[in-house]
Amino acid sequence: MTHLRKHLVVVGHGMVGHRFVQAAIERGLTETHDITVIGEERLPAYDRVALTSFFEVGADALSLLPEGSYDDPRVRLLTGIEVTDLDTTARSVTLAGGEVLAYDVCVLATGAAPFVPPVPGHDLPGCFVYRTIDDLEAIREAAATAKVGAVIGGGLLGLEAANALAQLGLETHVVEMAPRLMAVQVDDAGGAMLRRHIEKLGLTIHAGAMTKGVVEADGRAAGLTLADRDEPVPAEVVVFSAGIRPRDALARTAGLEVAERGGVLVDEQCRTSDPHVYAIGECAAPAGKMYGLVAPGYAMAEVVADALLAGPGTFTGADMSTKLKLMGVDVASFGDAFATTPDSLELTYSDAVTGVYKKLVISDDGTRLLGGILVGDASAYGILRPMAASGLPLPANPEELILPASSGSSVDVGLPDEAVICSCNNVTKAEITDRVARDDDPCADAACVTACSKAGATCGSCKPLVKKIVEDWFTSVGRTVDTSMCEHFAMTRAELYDLVAVHGHTRFDDVVAAHGRGRGCEICKPAIASILASLLNHHVLDDDAFALQDTNDRYLANIQKNGSYSVVPRIPGGEVTPEGLIVIGEVARDYGLYTKITGGQRIDLFGARMEDLPAIWTRLVDAGFESGHAYGKSLRTVKSCVGSTWCRFGVQDSTSMAIALELRYRGLRSPHKLKGGVSGCARECAEARGKDFGVIATEKGWNLYVGGNGGAVPAHAQLLASDLDDETLVRYVDRFLMYYIRTADRLQRTSTWVDSLDGGLERVREVVVDDVLSLGSELEAAMARHVGTYFDEWRATLEDPAKLARFTSFVNAPDVPDPHITFDTQRDQIVPATSTGPVLVAASIPVGAPVGGAR
Amino acid sequence: MSSPQVGAVAADVTGEMVAVCRVEQVPVEGGVAALVGGRAIAIFRTFDGNVHATSNYDPWSHASVMSRGIVGSRGDVPYVASPMHKQAFDLRSGTCLDDETVRLAVHDVRVVDGVVWVGEEVTAGQGGCV
């Protein structure tokens, strides 16, 4: 008997194609099948839903397959290649280069293409669609020399595109044929509220307007003519976003059945009219209906993976609920949002001042929630959507669900087990409780549940609900969550911080004697060192603190893989004089250091031996440099662009602000490293929204974003406050950082800290901006104390012989270089040589020296 | 200064011991590196005044860095965590607490009249790949 492996061809590598391949690998389909995935775009699958953030985060951050290939060697990914033919008789596909691939099973995931209405001039230079990273790059290039842009289509994607144009600094118009924005998701009242929000941001909305044609000037797009309007709308960049059409051409030419309104007809297992071909995502039309959202596509991907393993999964329609944040405005729509159910009732709440509109659609007997619309505040979405989807009985006073009182979110709803909590990944409440309740390898917290079940991993809107379900379960079984930092301290870092502050402890020994047990470890010692440093701002190398520090703080430098260190002088704002540059160059040359410009606008000098650090720093300090704190859990850099001083687009002096902020917070010890950024205009060249605190200049002042970071789990900073003057900006950053330092967990980044707070960003805003805890002046005073007591750690070290004595290679041979540290050369600079084992130092080196450490 | 302590590792010393430094040169709950017989040795002092000596070479990261690790306790076990990737080693036996198949070499060590003396390897460690 032969065991021939089968060949599975996936046409299309978008979000859904990628999800299918992932599901196939996870479920073991590659045990029996080789998979070839063919993507037409040059990049592997990326997060198209977050396309607009491409300008801020770049293509790498959006990629769903950053490595560019699958871990499973049985999966082959081809990108930048079109599939030109599908032959269902021969069971083969033909690639653009002529290669023919035979298949046993073919899965079409070709997605959809933007619909461009055939108006005159639609193909002029300057006209674009909004679908791929290449589209966005082309739009960005065109926007560089343009002032005004227009988007045709005021739906979900159109508004995303308009946001992108506005971000690129263009005066932006939106032309929508329907009388309101986002006509598919929201009703007239919601659309009107949304329009007010968007107009406040400076965009111009033309609703109920039909585009007649694109005006041409010098062979390029110059504007739009609208029916029933005399004046054309000026626009040098025109983006068509008037809906999408399934890309079903391959299926049509292959003779597969297609739906009346486009899309490959498929059955409940997503099988096309040919039993060996499946179609999933936007190119498919289950029961004749095409779904333009990613969640149904994901569901179809799972169904096909299941079907190929002879599983029972079927696709019988999808929840079309949506929640998104458009230009900072929450918009959500779920269930029967337009009250199409006979005799259904509508309950609305509208507040023009705060710009909030909420509507609930309720069954005629008032017992069940059918759907709803939320504009301006969608915080209740997490609980309302599953409530509508599960048909759960409404509480006695359903208006409490949408009234602005805090009661709304605290309404205790006992969701049934089958309620789908995460619609992006189709995770039910039962699956979430199973993750924490199972005997075998249970999750200990909500973050683990998200990692294991994917609940909350895509759009994140259900995260608060996931957390609540997890906590409710722990409470129901009478278990308290273990928040011990380590075996020595049975408390969280925040609790310990308060204890140290209240008792006024200044030494680890006192802290562990009063509140802990044992002698500490590599977890609690650096944490307490950081707490003491935040509170006291003493020297990290003082006798009481030295042994608590991680190695980087211990030698005020960054340890590298061969035991050598790197040296980073502070260069605030990245601004350095030629004389300063020359000194850095000379130091690097004289000590043979590898030199690299960092991502944070610094110069990093690698390969320094520990015993050379004092001499290196003597020269840097003499030249006016100070420690850059690149080694600590502390403020690293505040990145900046050149701002209004040099840049023709800059509206504020971002360099001066970045320098002021970096000098203010330098040396500040924190639970995790901190970075800031200041951009001089909305072009955001400093990438400030990738920073823990990001400042972006506006015509009126500064917008403050918080909670961004790079790292393994990148996060975007979110807008905390707008149009601040210099003084208010600094006050808010002071409060934000101190609030974080006081209450975050050890090694918890600001992004996860914000998420962990009850109320999330809104809670940060209450404390920092609204000062509801009356903590503001206390937090500011703590920061003022830090600023007032700042000193340069390296200068102080050089002035203290006891501290300097620690910078020796060997206690009994202080000037013998450690022979383990050896280098090779690459591109004319040193790199660490690979170590293979302990080295025996040559016999000529004196050992067994007299007591006292002399040579 | 606490009274001189005998290291936790007791063994018949046949080789010569080498005087390395004064005990107060080793920070409490810290370490220093020393050259002994051509080898890089890490010398640690725990809170209770005991002195330990191990190879300075971290078998996980292949760098000579153990003396720069954080010294702490797990239950009653005094240990040092590698400054590279935080693997913990029992200071008395050299055994890696995270993976018992990996071991730091441990050297005989005595404190006599406030002077730290280091002797030969009493527990072989792993130098090369793990």
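Helices (H or I, at least four residues) and strands (E, at least two) are DSSP runs, numbered from the N terminus. The model is predicted, so local features need pLDDT of at least 70 and side-chain atom pairs count only at pLDDT 80 or more, while totals for chains, interfaces and linings use all residues. Residues are numbered from 1 along each chain as its sequence is written, and side-chain values use heavy atoms, with hydrogens and water left out.

Helix 14 (508-515) and helix 16 (543-546) of chain A, along with strand 2 (30-36) of chain B, each give at least two residues to the lining of the second largest pocket.

In the interface, 41 residues of chain B are in contact (heavy atoms within 4.5 Å) with 47 residues of chain A. The two chains bury about 3400 Å² between them, 59% of it on carbon and sulfur atoms, where buried area is the accessible area (1.4 Å probe) that two parts lose on being put together, summed over both. B:Leu35, B:Arg68 and B:Ile70 supply 25% of the area that chain B buries against chain A, more than any other three residues.

There are 3 salt bridges between chain B and chain A, a salt bridge being a side-chain nitrogen of Lys or Arg within 4 Å of a carboxyl oxygen of Asp or Glu; A:Lys525 forms a salt bridge with B:Glu29, with the closest N and O atoms 3.3 Å apart.

Definitions and conventions
Chains are lettered from A and ligands numbered from 1 in the order in which they are written.
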